[in-house]
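Biologist: Please go through the terms used for this model. I would like to hear what stands behind each one.

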Amino acid sequence: MPNYDYSDALETVSFLRERLPFTPVTAIVLGSGLGEAASIIDERMTLNSSDIPNWPCSTAPGHAGRLILGTVHSRPVMILQGRVHHYEGYSLKAVTFPVRVLGMLGTREYIATNASGAVNMLYRAGEILAVKDHINLMGDNPLTGQNEPRWNERFPDMSRAYDPEMLSILSEIGLKQSVYAAMPGPSFETPAEIRMLRILGADLVGMSTVPEIITANSMGMKCAVLSCAANMAAGVDPDHTLTAQEVLDAMRDAAYKLSWVIEQLIDIMNRSTKGA
């Protein structure tokens, strides 16, 4: 088992650089059941995460465990079909190890997607939201422990954790902005916990993503998160039982719309860069 430290990351970066035809400018992480959104990529090259040294492999349903390199609207991208989670027994250093590797490769933008429960009563199942801020209730932080100055800003400012330019573009294409609360999982939240989150100002709740965003910010990457509300959170419908299969089914239904949103975001970013 690797330590998921700087030396392990160097080994992984070296492995990938020998095989990748170009450096991905943008990384896109596809959450639970959203793997079909990878169809937007052109000129694809695929690597299985199990073949990459030190790369943590997911045990969660709906996470294929593949890296796909190619282009979207001529922009060099890498799509990660799946992530690992703290609730699988991985440390946050392992959970964020792929982010470290991407940062060391030279990736500039980190776009994460996830499945969430809708805390905000005005949202509807299947709706895609742009995350503008988060509340970390996982009880841990990926930057805890001995600092590695070759990786980190030790005390990164999180007041703009979500890139204002990408948020503005996502608003232009019709996405509402929301606050995402990260819980440790893997059990779904209780109705009392959902009421607490609503009081705290959360619109969505999930079990991932926030450690990745903290780490990407500490490495200087610009971040955006697209969250698909797979269901209404616990207690909204007292007679409804939440299940993992329901989440996966909702995500598969949302994959086409998510693909469109990502394509639009990248297309507008490309045009903005050319016009600068």
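Biologist: What volume does the largest cavity have, and what makes a space a cavity?

Modeller: The largest cavity has a volume of about 150 Å³. A cavity is a set of points on a 1 Å grid over the protein atoms alone, where a 1.4 Å probe fits but cannot get out. Points are joined across faces, edges and corners, and the volume is the space filled by probe spheres set on them. This is a predicted model: local features need pLDDT of at least 70 and side-chain atom pairs 80 or more, while totals for chains, interfaces and linings use all residues. Residues are numbered from 1 along each chain, and side-chain values use heavy atoms, without hydrogens and water.

Biologist: Which residues line the largest cavity, nearest its centre?

Modeller: W55, G82, R83, V84 and P98 lie nearest the centre, out of 18 lining residues; a lining residue has an atom within 4 Å of a point. The elements giving two or more residues to this lining are β3 (66-72), β4 (75-81) and α3 (97-105).

Biologist: Which residues line the second largest cavity?

Modeller: Its lining includes V84, H85, H86, P211 and E212, around a space of about 50 Å³.

Biologist: Why is helix α6 called mostly covered?

Modeller: Buried means under 20% relative accessible area (1.4 Å probe, protein chains only). In α6 (residues 210-218), 9 of the 9 residues are buried, so the helix is mostly covered. Among them are P211 and E212.

Terms used:
Buried < 20%, exposed > 50% of the residue type's maximum accessible area, 1.4 Å probe, protein only. Helix = DSSP H or I, 4+ residues; strand = E, 2+ residues; numbered from the N terminus. 1 Å grid on protein atoms, 1.4 Å probe; cavity = no way out; pocket = protein on both sides within 12 Å on 5 of 7 lines; lining within 4 Å.
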